[in-house]
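Here are some quick notes to read alongside the model. Have it open while you go through them.

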Amino acid sequence: MIAENLQKIKQEIRESCALVSRSPEEVKLVAVTKSVGSEEAAELVDLGVYDLAENRVDKLLEKKAALGDNANIKWHLIGNLQRRKVKNIINEIDYFHALENEKLAAEINKRAEKLVKCFIEINISGEESKHGIKAENLVEFVALLANYEKIEVVGLMTMAPLESSEIEVREIFSKLKKLQEKIEQQEIPYAPCHELSMGMSQDFQIAIESGTTFVRIGTALFRKD
């Protein structure tokens with residue numbers, strides 16, 4: 001079933017790219033394995049999906065241990081990270097998708113033994129319950145990160161509310177794309193900001209049309225219908 005779902009998603013990625021004259025090679029599929037066990041994650045790796053994501057520190061460490069030392073796998077932490085857990089995880093991952101405040105940046109910088117590829121999480125929708133910095137604070141936040149040599153801002157991340165209409169989703173993703181381009185154009189060495197992490201199972205097609213380079217897909221990969 002996973003193999004069939006994967007082929008369907010890849011086809012949808014190709015079709016979404018074709019609509020806006022993009023190459024499918026520009027879009028990285030990140031498999032969100034938080035709802036499944038290590039066996040399903042290993043099956044994905046066997047199928048050639050090497051970017052795996054978890055939203056909890058303990059679950060990522062558990063899966064990484066179970067899958068063994070595979071140099072092809074890139075591990076993504078996509079959930080919000082408590083400062084007290086940074087020391088346990090930061091040297092075990094390849095990408096962190098939820099950098100959202102300076103205190104967290106300082107802790108990452110203190111604990112990291114290598115350069116950490118980070119996405120700044122932006123709360124585009126303005127929901128009080130959502131994590132992430134406000135769009136109007138982005139430029140100031142990026143400037144602050146000059147103090148932390150272990151952090152590389154590879155891009156920006158956001159999530160559209162589940163109940164959003166297609167028009168609202170497009171608006172949210174469009175705003176993030178414009179913010180990404182704004183930072184990218186500054187040509188900051190520690191913040192190249194070439195990437196976008198947006199789009200999940202319910203809206204990744206719109207995200208691709210809006211310019212995303214990373215899509216985070218879980219439900220659509222593992223559904224059994």
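**Notes on the model**

1. Let me start with Glu187, which sits in the loop between α7 and β7 (195-197). Glu187 has a positive phi of about 55 degrees although it is not a glycine. With 70% relative accessibility it counts as exposed, where exposed is over 50%, buried under 20% and partly exposed in between (1.4 Å probe, protein chains only).

2. Before going on, the ground rules. This is a predicted model, with local features needing pLDDT of at least 70 and side-chain atom pairs counted only at pLDDT 80 or more, while totals for chains, interfaces and linings use all residues. Residues are numbered from 1 along each chain as its sequence is written, and side-chain values use heavy atoms, leaving out hydrogens and water.

3. Ser21 is worth a look too: its phi is near 55 degrees, positive in a residue other than glycine. Ser21 belongs to the loop between α1 and β1 (28-32), and it is exposed at a relative accessible area of 71%.

4. Over in helix α1 (residues 2-19) you'll find Lys10. Lys10 is partly exposed, at 30% relative accessible area. Its C-alpha atom is separated by 8.5 Å from that of Leu29, 19 residues apart along the chain.

5. How do α2 and α3 cross? The axes of helix α2 (residues 38-46) and helix α3 (residues 57-67) come within 10 Å, crossing at roughly 60 degrees. That makes α2 oblique to α3; oblique is whatever remains after under 35 degrees (roughly parallel), over 145 (roughly antiparallel) and 65 to 115 (roughly perpendicular). Axes are lines fitted to C-alpha atoms, for helices over the stretch in contact, with angles from 0 to 180 degrees between N-to-C directions.

6. As for who touches whom, Ser38, Ala41, Ala42 and Val45 of α2 meet Glu62, Lys63, Ala66 and Leu67 of α3, contact meaning heavy atoms within 4.5 Å. The residues of this contact split into 5 nonpolar, 1 polar and 2 charged.

Note on methods:
Helix = DSSP H or I, 4+ residues; strand = E, 2+ residues; numbered from the N terminus. Nonpolar A, V, L, I, M, F, W, Y, C, P; charged D, E, K, R; others polar.
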